[in-house]
Amino acid sequence: MTERQNEAMVRLLADAAQGGQAKVDALVALSQRTVWVVPWGAGMEGYRTLINSSGLAALPVFTTPKELEEACQRFGWLDPSGEAPRLEVGARQAFTYARSTSLGFVVVDIASDHSLEIAQDELTPLLTNRQGSHGPFAAAGRVGSDLIAAVERRRSSQTNLPA
């Protein structure tokens, strides 16, 4: 990715905090690019995860190697040589991993100001197989409407929490 493309993605992620269509736009754009993950070392399968104070596990993904390196330093994930282990994967592959391992959510660029959480139910519309759809824009409207519904459900469930 070019610096300009990364800047555009950061703007989308920052705007996504508003929810609604802004979050849908960011999720669709993110799902079409590669991301960086931190693999487990020493022959272990899968990617590193984090657990929040509520006990929910999350898959951290990063839009640039720089974002990954900062998080690896912060969370002590450097390898014995002091390097940040990394693997570039398609965002859909990372989302599929999070869903298949029953992680609560994905968090994008966790150590940044534009960090974004993506709930499990917000991943589903991005990963649903649209059989019978053909062409670059096939089923795009359906994905968008399913995704906006998931984003709005998440936002309303967060605002209806007891104080």
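Helix axes are lines fitted to C-alpha atoms over the stretch in contact, and the angles between them run from 0 to 180 degrees between N-to-C directions. Helices here are DSSP runs of H or I with at least four residues, strands are runs of E with at least two, and both are numbered from the N terminus. The model is a predicted one, in which local features need pLDDT of at least 70 and side-chain atom pairs count only at pLDDT 80 or more, while totals for chains, interfaces and linings use all residues. Residues are numbered from 1 along each chain as its sequence is written, and side-chain values use heavy atoms, with hydrogens and water left out.

The chain contains six helices and six strands, arranged along the sequence as α-α-β-β-β-α-β-α-β-β-α-α. Of its 163 residues, 37% are buried (under 20% relative accessible area; exposed is over 50%, and partly exposed lies in between, with a 1.4 Å probe and protein chains only). Among contacts (heavy atoms within 4.5 Å) with a separation of 6 or more, 64% are between residues 24 or more positions apart.

The opening pair of helices comes next. Helix 1 and helix 2 pack with an angle of about 140° and an axis separation of 7 Å. Their crossing is left-handed, a term for a near helix turned anticlockwise from the far one by less than a right angle, clockwise being right-handed. From helix 1, Met9, Leu12, Leu13, Asp15 and Ala16 take part, and they meet Ala22, Lys23, Asp25, Ala26, Ala29 and Leu30 of helix 2. This contact is made by eight nonpolar residues, three charged ones and no polar ones; Ala, Val, Leu, Ile, Met, Phe, Trp, Tyr, Cys and Pro count as nonpolar, Asp, Glu, Lys and Arg as charged, and the others, Gly among them, as polar.

What holds the most contacts inside the largest nonpolar core? In this core of 27 residues, they are Leu59, Val61, Phe95, Val106 and Ile118. A nonpolar core is a set of buried Ala, Val, Leu, Ile, Met, Phe, Trp, Tyr and Cys residues joined through side-chain atoms within 4.5 Å. Beyond its neighbours within four places in sequence, Ile118 touches Leu27, Leu30, Phe95, Phe105, Val106, Val108 and Leu123.

Two aromatic pairs are present. In one of them, Tyr47 and Tyr97 are tilted, with 4.6 Å from centre to centre and 55° between the planes. Rings of Phe, Tyr and Trp (its six-membered ring) pair if their centres lie within 6.5 Å; planes under 30 degrees apart are stacked, over 60 edge-to-face, and the rest tilted. Tyr47 sits in the loop between strand 1 and strand 2 (50-51) and Tyr97 in helix 4, 50 residues apart. Tyr47 is buried, at 9% relative accessible area.

Finally, some loop residues deserve a look. Most residues other than glycine have a negative phi. Ser102, however, has a positive phi near 60°; this residue lies in the loop between helix 4 and strand 5 and is exposed, at 63% relative accessibility. Asp109 also has a positive phi, near 50°. Asp109 belongs to the loop between strand 5 and strand 6 and is buried, with a relative accessible area of 0%.
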